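These notebook entries record what I looked up in the structure shown below.

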Amino acid sequence: MNTNLLFLLLTGALVGAASGYLGSFMVLKRMSLVGDALSHVALPGMAIALTFGLNPILGAFVALTIATVGIWYLAERSEIYPEALVGVFFTASLAIGILVTPQPELLEALFGNLEKIGFVDGIITIVAAAFIFLLAREISEKLLLGVVSEDLARSSGIKMPLINLIYLFLVGSIVALGVKFVGTLLMGALVIVPAAAAKNVAKNIMSYQLLGILFGIFSVVFGVLIAKFVGISSGPAVVLVSIAIFALSYLFKRN
Amino acid sequence: MPKDILLSVSNLKVKFDEHIILDDISFEIQRDSTLAIIGPNGAGKSVLFRAILGLIPYGGKVEWAPNVRIGYVPQKLAVAKDLPLTVSEFLKFKEKDQKKIENALEAVGFQKGISEHLHNDKRVLGTKLGDLSGGEMQRVMIAYALLGEPHVLLFDEPTAGVDVSGEETIYELISKLQEKADLTIVFISHELEVVYKYATNVFCLNREKVCFGPPKEVIDKESLQKLYGEDIHFYQHHEGNHNEH
């Protein structure tokens with residue numbers, strides 16, 4: 001195994017870990033659709049960055065930050081989650097993204113391309129993923145208390161709107177980092193599926209989050225290896241591995 | 001603000017859109033007393049709680065005694081059955097010290113080694129929140145509030161979603177908590193019998209203040225009629241019946 005591949009796997013593992021961890025809150029907050037739809041917003045951002053010769057991760061990051069603030073605003077404003085609105089808005093941004101992305105880059109933007117992950121990208125990803133992970137740990141208890149009861153959390157002085165905004169920002173960041181591996185179409189799945197699988201088998205929060213992280217790592221590492229040696233796109237490979245884990249966890253739950 | 005006053009509310013007004021939910025509410029709560037809030041459905045009882053907790057915007061003035069610690073026990077929480085969060089993990093959000101957690105659980109009646117306090121033969125600590133019965137859940141929520149060593153406990157309908165035997169346990173618990181020094185209790189209730197039994201003062205609320213004072217003095221035919229309308233006979237018929245909801 002060459003060092004290049006090892007570096008790729010390490011980067012991917014960290015993205016997978018952070019995705020699985022952040023996804024664990026998203027599944028409990030019943031925002032799975034948001035996680036999925038959010039990743040589509042990355043596409044127009046990447047397209048604009050490519051047009052101006054900038055790093056597409058940067059473009060994805062900017063677009064996702066704008067989108068997360070939008071979602072946050074809608075969620076804090078209304079009692080019922082504006083699910084339909086989120087669906088409409090994000091599919092629209094996907095459609096626009098497909099139109100404006102330069103043709104040669106479109107396929108890899110949608111499904112990920114490992115060959116395009118350079119050393120600098122890798123370093124940025126490793127540092128950012130570690131930061132995302134630590135910050136998420138910092139707000140973990142507050143987020144979970146908010147899942148039990150938002151009123152209870154707020155009555156003990158926790159600024160839930162701020163915590164929710166930080167959380168969505170972290171999700172947006174991990175999606176921006178993951179699009180190179182998995183592509184904008186499927187990155188949402190890497191956030192949601194490992195956590196959903198973990199929920200099938202977990203007995204408590206500790207094991208739930210730990211399994212979410214492990215399933216995330218496993219999905220990326222195994223998916224990237226398959227993509228590399230079979231010669232297919234990394235996005236579908238990674239996501240199908242996570243789906244396989246989900247299927248197994250579901251069988252385990254039923255027995 | 002005088003020393004013996006825990007909370008002072010003046011001219012409180014809450015509006016949702018153009019709907020006035022609470023209008024011109026003023027009252028004070030004495031330290032170490034027990035206040036019951038009664039009123040028909042939709043009278044704004046829970047809204048009053050949420051306003052004094054600062055969870056919703058309001059007009060007027062809500063003034064707590066300085067450095068007061070508030071414990072809030074929300075009404076019947078709908079926790080998803082498959083939420084993988086155990087009682088132990090939940091209580092640790094508030095307090096890391098295992099000994100204090102054990103003490104709080106004991107204070108709400110989950111005693112060590114007594115089989116009826118086990119949930120499916122398992123210590124309640126390892127049980128998922130979603131697997132608790134209504135009464136157990138309520139007691140865990142009280143334990144959570146107690147871990148903050150509060151000066152005041154706010155109960156929003158402590159027995160909603162709790163079965164008959166569980167109801168008595170909850171009220172016994174509340175009366176036990178009354179004995180604690182410097183602990184004020186405020187609870188919302190539907191049941192007049194409970195109000196007579198436990199409350200120092202009662203606050204009758206129906207969008208505005210209908211009556212306030214010791215239950216025996218202020219609850220009369222007139223105030224009840226103002227509170228519940230002409231249907232008063234129906235209510236008295238149910239008085240003392242624990243199943244009434």
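**Entry 1: the three-stranded sheet of chain B**

I worked on a predicted model throughout. In chain B I found an open sheet of three strands, ordered β2-β1-β4, with antiparallel pairing. I noted that β2 (19-30) and β4 (59-64) of chain B are the edge strands; each has a single partner strand, so one side of each is left without a neighbour in the sheet. From one strand to the next, I recorded an average twist of 15°.

I then examined the pairing of β1 (residues 5-16) of chain B with β2(B), which is antiparallel and extends over eight bridges. Within it, I located Phe16(B) opposite His19(B) of β2(B). I also checked which helix packs on this sheet: α1 (residues 45-52) of chain B does, touching β1, β2 and β4 of chain B. The direction of α1 makes about 115° with that of β1(B).

**Entry 2: the six-stranded sheet of chain B**

I traced an open sheet of six strands in chain B, in the order β5-β6-β7-β3-β8-β9, and its pairing is mixed. Here β5 (70-73) and β9 (208-213) of chain B stand at the edges; each has a single partner strand, so one side of each lacks a neighbour in the sheet. Ignoring direction, I noted that neighbouring strands are turned by 15° against each other on average.

For a parallel pair I took β3 (residues 34-38) and β7 (residues 184-188) of chain B, which four bridges join. Ala36(B) stands opposite Phe187(B) in β7(B). I found helix α5 (residues 164-178) of chain B packed on the sheet, where α5 touches β3, β6 (152-155) and β7 of chain B. Its direction makes about 155° with that of β7(B).

**Entry 3: two helices of chain A**

I compared the axes of α8 (residues 160-182) and α9 (residues 187-201) of chain A, which come within 8 Å and cross at roughly 110°. The two helices, α8(A) and α9(A), are therefore roughly perpendicular to each other. On the α8(A) side I listed Ile174(A), Val175(A), Gly178(A), Val179(A) and Val182(A), which meet Met187(A), Leu190(A) and Val191(A) of α9(A).

**Entry 4: chain B against chain A**

I found 23 residues of chain B in contact with 19 residues of chain A. The two chains, B and A, bury about 1,800 Å² between them, with 64% of it on carbon and sulfur atoms. In chain B, Leu55(B), Pro84(B) and Phe93(B) lose the most area to chain A, together 33% of what that side buries.

How many salt bridges are there between chain B and chain A? I counted three salt bridges between chain B and chain A. I looked up the salt bridge of Glu141(A) with Lys96(B), whose closest N and O atoms are 2.6 Å apart.

Conventions:
Residues numbered from 1 in each chain as written. Chains lettered and ligands numbered in written order. Predicted model: local features only at pLDDT ≥ 70, side-chain atom pairs only at ≥ 80, totals over all residues. Heavy atoms only, no water. Axes fitted to C-alpha atoms, helices over the stretch in contact; angles between N-to-C directions. Parallel < 35°, antiparallel > 145°, perpendicular 65-115°, else oblique. Contact = heavy atoms within 4.5 Å. Pairing = 2+ DSSP bridges. Buried area = accessible area lost by both parts, 1.4 Å probe. Salt bridge = Lys/Arg side-chain N within 4 Å of Asp/Glu carboxyl O.
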